[in-house]
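Please read it beside the sequence and the model.

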Amino acid sequence: QLQLVESGGGLVQAGGSLRLSCAASGSIFSINVMGWYRQAPGKQRELVAVISSGGSTNYADSVKGRFTISRDNAKNAVYLEMNSLKPEDTAVYYCHIVMGPPRFLNYWGQGTQVTVSS
């Protein structure tokens, strides 16, 4: 069993910054892709950023140039540096990890609230 613990959410004014962290613990065999998703009230969960085991990254167009995803494989952790935050970034942010191969297993964090005031 794998546990994901997120931290770093909070309330910030528009233009401010936050750094989210997510650490995995438990039965870890091969962490593949790590990423962050978010879900705003009344909206579907959407991809924010992902990073592969080799360090390749992909971002949603809405956060490109403002957010940076990184990972520390030694700590089984993934981070999301968020700058120039906008009110539309307000959402619950979820950490997501894919472990594998040979089997591919998906795990989600409990979510952390990010609120950006105008």
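Strands β9 and β11 pair in the antiparallel sense over 3 bridges; strands here are DSSP runs (E, at least two residues; helices are H or I, at least four), numbered from the N terminus, and two strands pair if DSSP finds at least two bridges between them. This is a predicted model, in which local features need pLDDT of at least 70 and side-chain atom pairs count only at pLDDT 80 or more, while totals for chains, interfaces and linings use all residues. Residues are numbered from 1 along each chain as its sequence is written, and side-chain values use heavy atoms, with hydrogens and water left out.

**Strand β11 and its partners**

- Gln 13 has Ser 117 as its bridge partner in β11.
- In a regular strand the side chains alternate between the two faces of the sheet.
- Buried means under 20% relative accessible area, exposed means over 50%, and partly exposed lies in between (1.4 Å probe, protein chains only).

**The four-stranded sheet**

- An open sheet is formed by 4 strands in the order β1-β3-β8-β7, with antiparallel pairing.
- Its edge strands are β1 and β7, each of which pairs on one side only.
- From one strand to the next the twist averages 15°, where axes are lines fitted to C-alpha atoms (for helices over the stretch in contact) and angles run from 0 to 180 degrees between N-to-C directions.
- Inside this sheet, β3 and β8 pair in the antiparallel sense over 6 bridges.
- Cys 22 has Val 78 as its bridge partner in β8.

**The disulfide**

- The count comes to 1 disulfide, defined as a pair of cysteine sulfur atoms within 2.5 Å.
- Cys 22 and Cys 95 form the bond, with their sulfur atoms 2.1 Å apart.
- This pair links distant parts of the chain, 73 residues apart: Cys 22 is in strand β3 (residues 18-26) and Cys 95 in strand β9 (residues 91-99).
- The torsion about the S-S bond of Cys 22 and Cys 95 is about -80°, so the disulfide is left-handed.
- Cys 22 and Cys 95 are both buried.

**The nonpolar core**

- The largest nonpolar core has 31 residues, and those with the most contacts inside it are Trp 36, Leu 80, Met 82, Tyr 93 and Ile 97.
- Such a core is a set of buried Ala, Val, Leu, Ile, Met, Phe, Trp, Tyr and Cys residues joined through side-chain atoms within 4.5 Å.
- The elements that give two or more residues to this core are β1 (2-7), β3, β4, β5 (46-51), β7 (67-72), β8, β9 and β11.
- Strand β9 provides the largest share of this core, 5 residues.
- Not counting residues up to four places away in sequence, Met 82 touches Gly 16, Ser 17, Leu 18, Leu 20, Arg 66, Phe 67, Tyr 93 and Val 114; contact means heavy atoms within 4.5 Å.
- Met 34 lies in strand β4 (residues 31-39) and counts as buried at 1% relative accessibility.
- Residues touched by Met 34, leaving out those up to four places away in sequence, include Ile 51, Ala 77, Val 78 and Ile 97.
- Met 34 and Ala 77 are 43 residues apart along the chain, and their C-alpha atoms are separated by 8.6 Å.

**Salt bridges**

- The count comes to 5 salt bridges, each a side-chain nitrogen of Lys or Arg within 4 Å of a carboxyl oxygen of Asp or Glu.
- One of them joins the side chains of Arg 19 and Glu 81 (3.5 Å, N to O).
- That pair links distant parts of the chain, with Arg 19 in strand β3 and Glu 81 in strand β8 (residues 77-82), 62 residues apart.
- Arg 19 is partly exposed at 43% relative accessible area, and Glu 81 is partly exposed at 30%.
- Arg 38 forms a salt bridge with Glu 46, the closest N and O atoms being 2.7 Å apart.
- Arg 38 counts as buried at 5% relative accessibility, whereas Glu 46 is partly exposed at 36%.
- Arg 38 also forms a salt bridge with Asp 89, where the closest N and O atoms are 3.0 Å apart.
- This second pair links distant parts of the chain, 51 residues apart: Arg 38 is in strand β4, and Asp 89 is in the loop between β8 and β9.
- Asp 89 is buried, with a relative accessible area of 1%.
- A network of salt bridges links Arg 38, Glu 46, Arg 66 and Asp 89.
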